Amino acid sequence: MHSTWVLVNPAAGGGRCGRRARALREGVEARWPGARWVETTSGADLRARALEAASGGAARVLVLGGDGSAHLAAGALVGTTTALGLVPAGTGNDLAASLGLPPGLEAALDALAAGHPRAIDLLRIESLRGTARARLAGCVVGFGMDADAMDRVDRARVLRRGRLLYALAALRTVFSYRPPRVRVTVDEQVVHDGPLFFGAVANTPTYAGGLRVAPRARTDDGLLDLCVVPPLGSRWRQAASFGAVRRGEHGALPGVVMARGRRVVIEGDPIPVTVDGERTDLRAPVAVEVVPGCLRVLAAAPALVLVAA
């Protein structure tokens with residue numbers, strides 16, 4: 001039995017993760033002798049390997065990749081005693097950042113080897129029409145222009161995934177997006193009912209590689225954080241608002257809603273919903289609920305509540 005598994009997503013970070021990971025193998029072996037090293041072939045393979053590790057009683061699964069890889073592994077490990085350790089090697093590494101893990105790969109390995117196990121929350125997204133399976137999210141559930149921007153990212157052929165591509169996709173979407181009408185409820189209280197440009201239900205303060213969409217969000221507080229941005233007037237003003245979002249200052253913009261709770265319901269036009277920066281088959285109406293303390297992780301610093309190693 002291997003107490004440590006290392007799952008590598010070679011496609012993460014625009015294909016750079018595989019090359020960077022191979023240079024780390026010696027350092028991984030030095031910190032976790034006998035670790036099982038697996039270069040996964042797909043998202044389904046990564047999830048299956050994480051399930052295999054947990055069912056075999058592994059103490060930890062280290063994942064080299066970004067938020068997409070973290071999302072897959074978290075879904076496999078939720079509710080088990082196996083801890084998830086994230087080595088930030090993807091395009092967006094927001095869940096790793098929320099756990100205090102440094103961006104450098106060697107530094108992240110050192111932080112994980114120090115091993116501060118803790119329990120964090122996840123978000124559960126469910127279709128209220130039963131048209132798609134329920135999903136879990138570690139970072140953010142997006143709705144509004146987010147799905148259109150992700151579609152542009154997925155169709156890009158010149159630029160690799162990264163902050164520049166995300167920014168360009170978002171800006172192009174701003175000038176073509178037609179805001180739907182959406183009703184948003186937090187713990188049975190309506191907080192928005194009308195045109196919507198962008199919305200996010202967040203477990204982490206940032207997403208999409210550093211956008212501070214919910215600056216107060218924490219992964220271990222038993223709450224979810226909501227951000228709703230309505231149309232702000234001209235398209236140029238809407239585009240300029242992204243600077244405020246990146247700095248976490250958008251809460252002061254007129255009409256923006258920032259709220260916290262345990263359950264959010266999104267209704268109205270059947271807009272698509274993204275999960276941890278990926279497009280899905282989910283469409284409104286959906287409910288998003290926080291699932292407190294359901295995933296064991298390795299963090300860089302002790303949390304308010306530690307769990308047994």
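Helices here are DSSP runs of H or I with at least four residues, numbered from the N terminus. One thing to keep in mind: the model is predicted.

**Exercise 1.** Work out which helices supply at least two residues each to the lining of the second largest pocket, and describe that lining.

*Solution.* 
Step 1: start with the space, which is about 360 Å³ for the second largest pocket.
Step 2: find its centre. M145, Y166, A170, L211 and F242 lie nearest to the centre, out of 25 lining residues.
Step 3: assign elements. The helices are α6 (145-155), α7 (163-174) and α8 (235-247), each giving at least two residues. The largest share comes from α8, with 6 residues.
Step 4: sort by class. You get 18 nonpolar, 4 polar and 3 charged residues in this lining.

**Exercise 2.** Now do the largest pocket: find which element gives the most to its lining.

*Solution.* 
Step 1: the space in the largest pocket comes to about 910 Å³.
Step 2: its lining has 44 residues, and D67, G68, S69, L72 and E278 are the closest to the centre.
Step 3: two or more lining residues come from each of α2 (43-55), α3 (67-77), β6 (135-137) and β15 (278-283). The top contributor is α3, with 7 residues.

**Exercise 3.** Which residues have the most contacts inside the largest nonpolar core?

*Solution.* 
Step 1: the largest core holds 69 residues, and L84, L86 and V213 have the most contacts inside it.
Step 2: zoom in on L84. Leaving out residues up to four places away in sequence, L84 touches V61, V63, A70, A73, A74, L77, L295, R296, V297 and L298.

**Exercise 4.** Decide whether T219 is buried or exposed, and list its surroundings.

*Solution.* 
Step 1: locate T219 in the loop between β10 (198-202) and β11 (224-229).
Step 2: apply the cut-off. Buried means under 20% relative accessible area. T219 has 3% relative accessibility, so T219 counts as buried.
Step 3: check the side chain. T219 and R118 are joined by a side-chain polar contact of 3.3 Å.
Step 4: list the contacts. Again skipping residues up to four places away in sequence, T219 touches L95, S98, L99, R118, I120, D121, N203 and T204.

Methods
Residues are numbered from 1 along each chain as its sequence is written. This is a predicted model: local features need pLDDT of at least 70, side-chain atom pairs count only at pLDDT 80 or more; totals for chains, interfaces and linings use all residues. Side-chain values use heavy atoms; hydrogens and water are left out. On a 1 Å grid over the protein atoms alone, a cavity is a set of points where a 1.4 Å probe fits but cannot get out, and a pocket is an open set with protein on both sides within 12 Å along at least five of seven lines; lining residues have an atom within 4 Å of a point. Grid points are joined across faces, edges and corners, and a volume is the space filled by probe spheres set on the points. Ala, Val, Leu, Ile, Met, Phe, Trp, Tyr, Cys and Pro count as nonpolar, Asp, Glu, Lys and Arg as charged, and the others, Gly among them, as polar. A nonpolar core is a set of buried Ala, Val, Leu, Ile, Met, Phe, Trp, Tyr and Cys residues joined through side-chain atoms within 4.5 Å. Buried means under 20% relative accessible area, exposed over 50%, partly exposed in between (1.4 Å probe, protein chains only). Contact means heavy atoms within 4.5 Å. A polar contact is a pair of N or O atoms within 3.5 Å; within protein, one must be able to donate a hydrogen and the other to accept it, and residues adjacent in sequence count only if both atoms are side-chain atoms.
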